[in-house]
Amino acid sequence: MNAVDHVRDMAAAGLHSNVRVLSSLLLTMSNNNPELFSPAQKYQLLVYHADAIFHDKEYRNAACKYSMALQQKKVLSKTSKVRTSTGGAAASLQAQSLPSEIEVKYKIAECYTILKLDKDAIAVLDGIPSRQRTPKINMMLANLYRKAGQERSAVTSYKEVLRQCPLALDAIIGLLSLSVKGAEVASMTMDIIQSIPNLDWLTVWIKAYAFIHTGDNQRAINTICSMEKKSLLRDNVDLLVSLADVYFRAGDTKNAILRFEQAQMLDPYLIKGMDVYGYLMAREGHLEDVEVLGGRLFNISDQHAEPWVISGCHSFYSKRYSRALYLGAKAIQLNSNSVQALLLKGAALRNMGRVQEAIIHFREAMRLAPCRLDCYEGLIDCYLASNGIREAMGMANNIYKTLGANAQTLTILATVCLEDPVTQEKAKTLLDKALAQRPDYTKAVVKKAELLSREQKYEEGIALLRNALANQSDCALHRMLGDFLVAVSDFQEAMDQYSIALSLDPNDQKSLEGMQKMEKEESPTDATVELDGDDMEGSGEDGELEGSDSDAAQWADQEQWFGMQ
């Protein structure tokens with residue numbers, strides 16, 4: 001055995017730090033005396049050295065060393081042709097045992113991808129002839145093409161992955177996300193389904209994800225539930241997370257949280273989908289639970305976007321928008337395809353008055369998840385915040401036409417119509433249609449109650465809210481019922497409703513304000529004392545705000561560090 005053989009054996013044994021030191025020394029020797037090692041041995045040393053650097057996560061350095069190895073391979077190829085022409089069988093055998101040139105190019109592309117140099121990665125992989133591309137090369141190319149908006153090329157590469165590996169389910173999801181028909185995708189797996197027992201569920205699985213990517217949430221829920229009930233697939237974590245996500249997209253918060261919790265119990269180390277779960281919990285006012293969840297996920301891995309998003313949601317709903325902005329940006333750094341991170345950063349920017357920057361993030365979220373209505377809602381909120389009613393109306397109409405007349409799209413369109421006095425009646429009609437489809441859809445109930453409040457139809461509003469609360473308990477609905485009851489002078493029950501709202505979300509400021517206002521009206525003799533108390537509380541809040549400003553400045557510095565300004 002020679003020195004290069006020892007380097008190869010150490011690399012195979014996973015002794016990367018040892019490989020790095022020894023290969024570096026041997027390469028220096030080779031540079032000082034080119035005759036010490038053959039061109040083939042030098043090529044091997046360069047590849048093993050680059051592999052060790054890649055293992056140390058020095059990706060730019062690794063890409064440089066891999067490129068040097070490819071240059072050395074060209075030299076080797078020229079000398080190999082000469083030796084082969086003279087009948088060198090040993091040279092041909094040696095060439096077969098060398099590290100693969102295709103694998104080296106894949107490693108370079110992997111470095112570029114990690115460094116977010118996607119165009120360079122595509123250029124490297126495009127240079128590999130189609131017939132020599134392995135499934136992992138085609139999969140990386142497909143993902144890069146999709147990210148770059150080259151949908152036709154992405155579809156071709158995903159199909160090539162399936163041709164080589166018909167059970168590559170992530171490639172199937174990739175095709176469905178690019179609007180390839182479910183029937184066409186299923187046809188590509190038919191032979192494997194028929195040849196292997198107990199794979200009959202795959203056709204149903206493809207159908208479920210086809211529904212998800214066409215925005216048909218209800219049929220997706222029904223299909224996944226039918227699979228989940230089968231004994232062989234019961235309690236599958238991936239199916240439960242997908243089901244929770246579809247419930248969330250359908251606006252069914254209660255069932256979404258329930259399924260996320262079920263998945264979390266089955267797999268305590270689960271990360272996928274936990275950003276959506278954390279967002280829902282924060283939106284529902286369970287900030288202590290969100291803080292615990294974020295801490296637990298950070299202990300599992302801080303190299304995923306999800307724990308950063310969860311902590312960002314906690315900050316956002318605590319009204320610490322600068323910190324939420326920083327955490328959202330950090331999440332995007334770790335995963336530029338994280339829709340929830342883009343939505344978090346967009347919402348923080350919007351609430352900080354940086355509406356145009358927020359619009360950019362919501363549009364990117366829409367591009368990545370065209371069937372998620374919360375992406376469109378965020379963009380519409382930005383348009384309304386900047387008095388762009390025409391743009392908001394155009395977007396709402398587009399959603400309505402594209403995704404059909406369901407409770408969610410009707411409510412979004414009605415929300416925009418409520419902003420214009422001319423379209424109030426249209427808003428009412430749309431909300432009635434939404435509630436006819438889903439009487440328990442909270443957003444539609446809230447908007448209808450707002451409309452009734454404007455019209456001072458308090459009794460009708462009370463009936464609407466009581467009916468909605470018969471099968472669910474929601475902070476906003478209890479608070480609004482309290483407001484309506486105050487309007488009809490039913491102060492005692494109003495106080496009860498505010499109390500229920502605060503029990504569901506102790507941070508709900510509007511419920512607290514409603515309760516304090518009632519207490520002042522009921523106790524006029526104590527008004528002076530309460531006013532003094534309020535002044536003191538106000539002073540305390542000002543002090544906290546001053547502290548928050550210093551915190552904001554601190555986070556703003558970190559934002560500059562992450563290149564967000």
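Biologist: How many aromatic pairs does the structure hold?

Modeller: First, a note on the ground rules: this is a predicted model, where local features need pLDDT of at least 70, side-chain atom pairs count only at pLDDT 80 or more, and totals for chains, interfaces and linings use all residues. Residues are numbered from 1 along each chain as its sequence is written, and side-chain values use heavy atoms, leaving out hydrogens and water. Rings of Phe, Tyr and Trp (its six-membered ring) pair if their centres lie within 6.5 Å, and planes under 30 degrees apart count as stacked, over 60 as edge-to-face and the rest as tilted. Under that rule, the number of aromatic pairs is 9.

Biologist: What is the angle between the planes of W205 and Y209?

Modeller: The rings of W205 and Y209 are 4.4 Å apart, centre to centre. They form a tilted pair, and the angle between the planes is 40°.

Biologist: Which helix holds both W205 and Y209?

Modeller: Helices here are DSSP runs (H or I, at least four residues), as strands are (E, at least two), numbered from the N terminus. W205 and Y209 are both buried, where buried means under 20% relative accessible area, exposed over 50%, and partly exposed in between (1.4 Å probe, protein chains only). The two sit 4 residues apart, about one turn of the helix, and that helix, spanning residues 201–213, is α13.

Biologist: Which residues form one aromatic cluster?

Modeller: Here the rings belong to Phe and Tyr residues. The members of this one cluster are F248, Y279, F316, Y317 and Y321.

Biologist: Why does K73 count as buried, and over the face of which residue does K73 lie?

Modeller: K73 counts as buried because its relative accessibility is 17%. A charge sits over a ring if NZ of Lys or CZ of Arg is within 6 Å of the ring centre and within 35 degrees of the ring normal. K73 meets this at 5.9 Å from the ring centre of Y43.

Biologist: Over the ring of which residue does the charged end of K136 sit?

Modeller: This is another charge over a ring. The charged end of K136 is 4.4 Å from the centre of the ring of Y106.

Biologist: Which helix holds both D245 and R249?

Modeller: D245 and R249 form a salt bridge, with N to O at 3.0 Å. Both residues are buried. They are 4 residues apart, about one turn, in the helix of residues 237–249, which is α15.

Biologist: How many residues apart in sequence are the parts that K443 and E377 tie together?

Modeller: The side chains of K443 and E377 meet in a salt bridge at 3.0 Å, N to O. K443 belongs to helix α27 (residues 442–454) and E377 to helix α23 (residues 373–385), so the separation of the parts in residues is 66.

Biologist: Which residues do salt bridges that share partners join into one network?

Modeller: Here the link comes from shared partners. The network consists of D5, R8 and D9.

Biologist: What is the phi of S179?

Modeller: Most residues other than glycine have a negative phi, and most peptide bonds are trans. S179 is found in the loop between α10 (169–177) and α11 (182–187), and at 63% relative accessibility S179 counts as exposed. S179 is not a glycine, yet its phi is positive, at about 70°.

Biologist: Where is D235 found?

Modeller: D235 also has a positive phi, near 65°, in a residue other than glycine. At 39% relative accessibility, D235 counts as partly exposed. Its place is the loop between α14 (217–229) and α15.

Definitions and conventions. A salt bridge is a side-chain nitrogen of Lys or Arg within 4 Å of a carboxyl oxygen of Asp or Glu.
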